[in-house]
Amino acid sequence: MTTVASSPVRTEIFTLWRLSWPMLVGQLATVGMGVADVAMTGHVSAEELAAVSLGTSVWSIVLVTVMGTMMAINTVVAHEIGAARHDQVPHSVRQSLWKGLLVGLVAMVFANLCTLLFDHVGLDKHVADRASLFLHVISLGMPAFACYRALYGYTTSINQTKPIMWIAIFGLVFNVISNWLLVYGNWGFPMLGAVGCAVSTALGMWLMLGAMILWVRRSPAYRLTYPFTGWEGPDWKAIKEMLRLGLPIGVTYFAEVSAFGLISLLVARFGVVAVSSHQIALNFASLVFMVPLSFSIGMMTRVGQAMGEGNPVRARFVGWVGVGVSVAFGALSAIGIALFRWQIAAAYTSDPAVQAACADLLLLAALFQLSDATQVATASAIRGYQVTRPPMIIQLVAFWGVSLPLGCILGLAPQWFPWAPSAPMANTGFWIGLVIALTVAAVLLTWSFEKLARQRIREGAAAKVAVA
């Protein structure tokens, strides 16, 4: 009896794994670019590391917000594929590319405006100037990234994920080699330090977009839904609909990542060690996060296709299997981070003070692995139903209503607050707030997913009765 009951689960896990593992490799390679930037500048000087850390903290907020905003194409195409409306896919993809160009340009301007913050957070002037220049240069790659994510969502939703893997690996290799040339000034290239990382990443984004376009044009897997059959101008109705779906996802991602990024600015007053240790711990936690994120994107495709077929029962089933896979990984990553936190810190920096501070933060990162994996999986399952606002509201409440206020109380210990600690807890206080916020988000999103899934099943059953 157990074997029969568990067989559909094993089948779904295998299907999800087959869909998600190339995305996992691709996501790890993409985040690996940021890891390479931080790790390679960490061996130049503490000042250059601080500049990249601060620049990356802002850049990551913008990047992930754009990634979420562009994710509407995933669920739109998944529903069209599930309903066998293949002829509608090319139009959706072309309009998503127009949307990507618009979103990318807006994000580029916003990233440059964010450099004005560096003059008001008590930074050393040299570090602030280097971080600002880093952002000015790296922002030039944002339009390419947004359009790349449009094609990323398209290829994912038609179950073609291996191109993502190979193109991301190509981007990582390019980033590491160009960093080696430009950060350290090897082979006669100028020694640019932090700015060299920005040049490498911006160029890499344009190359990845070009590689994805070439792959779609050449591979026969895209012939049924080929989007490049001819010129098509912007369809503002379609773009508006995708923005309606995508903006709440972007805000959701912004709520979480901005909480981490703002901490970098708030702890800047505690010195280079505090900023650098926070960024290293955040960088590694982001790397680990790519695993449940990849599973969740694959699960969103599976849920969307099931709903496109008109099968809400299967949608709920594949959603819960995806959540289970993500939570299982969260448990393993928590153990690994706790056991090897000192080795992880040493891999990023040779500074003993930064290593010690980072190891403490990684212990807190281990604590939130289960809740982080749960919240990203359940949020993606909800989006598979083309419902995007509830996750946005929950994330805003968790991170802006819980994490940041609590983090400020514990980390900064304001004298006006009656229950503040006697002395600021700095990074530790902020990360305690993050642990609590992720737990709140995980609980609320789990409840929301189950409620939505049951509601769609009831609606499907009622529709069948009405037809009969």
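## Reading the pockets, cavities and contacts

Q: What is the volume of the largest pocket, and which residues are the closest to its centre?
A: The largest pocket has a volume of about 280 Å³. It is lined by 14 residues, and Arg 94, Leu 97, Trp 98, Phe 228 and Trp 231 are the closest to its centre. Please keep in mind that this is a predicted model, where local features need pLDDT of at least 70 and side-chain atom pairs count only at pLDDT 80 or more, while totals for chains, interfaces and linings use all residues. Residues are numbered from 1 along each chain as its sequence is written, and side-chain values use heavy atoms, with hydrogens and water left out.

Q: What makes a space a pocket or a cavity?
A: On a 1 Å grid over the protein atoms alone, a pocket is an open set of points with protein on both sides within 12 Å along at least five of seven lines, and a cavity is a set where a 1.4 Å probe fits but cannot get out; lining residues have an atom within 4 Å of a point. Points are joined across faces, edges and corners, and a volume is the space filled by probe spheres set on them.

Q: Which helices each supply at least two residues of the pocket lining, and what classes make up this lining?
A: They are H4 (89-113), H6 (142-157) and H8 (194-218), helices being DSSP runs (H or I, at least four residues; strands are E, at least two) numbered from the N terminus. H4 gives the largest share, four residues. By class, the pocket lining has 11 nonpolar, one polar and two charged residues. Here Ala, Val, Leu, Ile, Met, Phe, Trp, Tyr, Cys and Pro count as nonpolar, Asp, Glu, Lys and Arg as charged, and the others, Gly among them, as polar.

Q: How many cavities of 30 Å³ or more does the structure hold, and what lines the largest cavity?
A: There are three of them, and the largest cavity has a volume of about 810 Å³. Of the 42 residues in its lining, Val 31, Ser 60, Val 64, Ser 286 and Met 290 are the closest to its centre. Elements giving two or more residues to this lining include H1 (2-42), H2 (46-69) and H10 (272-308). The cavity lining divides into 25 nonpolar, 13 polar and four charged residues.

Q: Why is the contact of Glu 232 and Arg 94 called a salt bridge?
A: A salt bridge is a side-chain nitrogen of Lys or Arg within 4 Å of a carboxyl oxygen of Asp or Glu. The N to O distance between Arg 94 and Glu 232 is 2.9 Å, so the pair qualifies. It links distant parts of the chain, 138 residues apart: Glu 232 sits in the loop between H8 and H9 (236-266), and Arg 94 in H4. A search of the whole structure finds seven salt bridges.

Q: Is Arg 94 buried or exposed, and how do you know?
A: Buried means under 20% relative accessible area, exposed over 50%, and partly exposed in between (1.4 Å probe, protein chains only). Arg 94 has 15%, so it is buried. Phe 228, in the loop between H8 and H9, has 22% and therefore counts as partly exposed.

Q: How are Glu 450 and Arg 454 placed in helix H16?
A: They are four residues apart in H16 (residues 427-467), so about one helical turn separates them. Glu 450 is buried because its relative accessible area is 17%, whereas Arg 454, at 44%, is partly exposed. Together with Arg 316, the two are linked in a network of salt bridges.

Q: What makes Val 9, Ile 13 and Phe 317 a patch?
A: Patches are made of residues with over 30% relative accessible area and no salt bridge, with nonpolar side chains (Val, Leu, Ile, Met, Phe, Trp, Tyr) joined within 5 Å and like charges within 9 Å. Phe 317 has 31%, so it passes the area cut-off. Phe 317 lies in H11 (residues 312-339). The three residues form a nonpolar patch on the surface with about 200 Å² of accessible area together, by the Shrake-Rupley method with a 1.4 Å probe, where for residues only the protein chains shown count as cover.

Q: What is the phi of Asn 159, and where does this residue lie?
A: Asn 159 has a positive phi of about 70 degrees although it is not a glycine. It lies in the loop between H6 and H7 (162-182), and is partly exposed because its relative accessibility is 40%. Ala 426, also not a glycine, has a positive phi near 55 degrees. Ala 426 is buried because its relative accessible area is 17%.
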